[in-house]
Amino acid sequence: MNRDPIESLLREADANAPTRQIAPLRASELEQLRRRQLARRGAALALVALPVLALAWDTSLGVHRDPVISTSPSEELARSLQELDDTLASLRARPAPPSAASDSAAAHTFRALHRGAARGDESSVEGLRWLADRFPETHGGRCARLFLDTKDEARSTPSATPIDSKTK
Amino acid sequence: MEALAPPIPALPSFVGSPEPFLWSVRGDASSEESEEFERRVRAAWPGTVRLVERLLAWPGSASDVEDVVQDVLLAAWRGRRTFRGEAEWTTWLHTITVRRTRNAARARSRRERWFGRPDTDAVRDAEAQGDGATPPMESDEVRRSLGRLRHADREVLVLRYLESLDVEEIAVRLGLQRAAVDARLSRARKRLGELLDGGEMLR
């Protein structure tokens, strides 16, 4: 019995797929991705920074957006910042159990940092330490803790190979 | 006394194994429940990774696949009590895998719309030729065409021809009626045929 040609082609393509050992990204690809990431970060920063700059500009010029407010713009800004601080402090005081979203985000962060740490990048190891301390209840945080503990354990275990025996 | 050489820290093998994930969920449930989950995940792990690869790779990177697999396991762990045993556990996990992969494919497509797609195909092709391990051109073309299909079309083709599921089983996993799966399959075959040299390769 003849097999459907689409099925044959798909099966053959699947059997020959290089993804059974997915090729790591090459330097040029990484560079390309890094540039895009940088552009993305720049755009995000601009989105955050522009309203703040606009507010600062208004404040420095003494512009009143709301004529009813009798306080000066700098007092108004200081009060808003204080309110923001209070809100943040109250949020910090109430540690929420990890949600599915934060769990997932921590897991992704762990994966990214672990890839860096596996390449020997010290800042990624620092990142893992932060993740383990900041989000100890998430899966990502726990994985980071496991990674750090295993690493520390390996460091503190004396090697079976003495230096002198190598030099002799 | 001889001085000891500083040991090289051994990195635990996180990539390509369910163990770190399983370690991270231990203690969140009774040991009996954890053990049952671990046994099932270990058995289903290779099939899950393979399915995500088939649905998401070509083009796609190993890290995309790993991220989705980890998402699938998290979702399975969180929803383990909603599994009522009406279907096989692997069918249930399959359904989660298909949905999570679909979300990842959507996110990737949004990303590519904004920032473009890294031209990884050309680099890898050149690399493969340099290695003397060139896969058959035809297979290469088929994989590339599969990657160009809409995700919904790719889903049915992969589930039908690579995962060897029948229409009924695909309907369960995609939450569709049989007729809808049939229609989608026929449309996907047609689109793939058009992409493959306008059907030249099917003759």
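Biologist: In chain A, what share of the contacts between residues at least 6 apart in sequence join residues at least 24 apart?

Modeller: Bear in mind that this is a predicted model, where local features need pLDDT of at least 70, side-chain atom pairs count only at pLDDT 80 or more, and totals for chains, interfaces and linings use all residues. Residues are numbered from 1 along each chain as its sequence is written, with chains lettered from A and ligands numbered from 1 in the order in which they are written. Two residues are in contact if their C-beta atoms, placed from the backbone, lie within 7 Å. On that count, the share for chain A is 38%.

Biologist: And how many helices does chain A have?

Modeller: Helices are DSSP runs of H or I with at least four residues, and strands are runs of E with at least two, numbered from the N terminus. Chain A has zero strands, and its helix count is seven.

Biologist: Which elements of chain B do the buried residues of α4(B) pack against?

Modeller: Buried means 20 or more other C-beta atoms within 10 Å of a residue's own, exposed means 12 or fewer, and partly exposed is in between, with C-beta atoms placed from the backbone. The buried residues of α4(B) include Trp92(B), Leu93(B) and His94(B). Their packing partners in chain B are α2 (31-56), α3 (62-78), α7 and α8.

Biologist: Is Ser164(B) buried or exposed?

Modeller: Ser164(B) sits in the loop between α7 (151-162) and α8 (167-174) of chain B, and has a positive phi of about 55° without being a glycine. Because Ser164(B) has 10 C-beta neighbours inside 10 Å, it counts as exposed.
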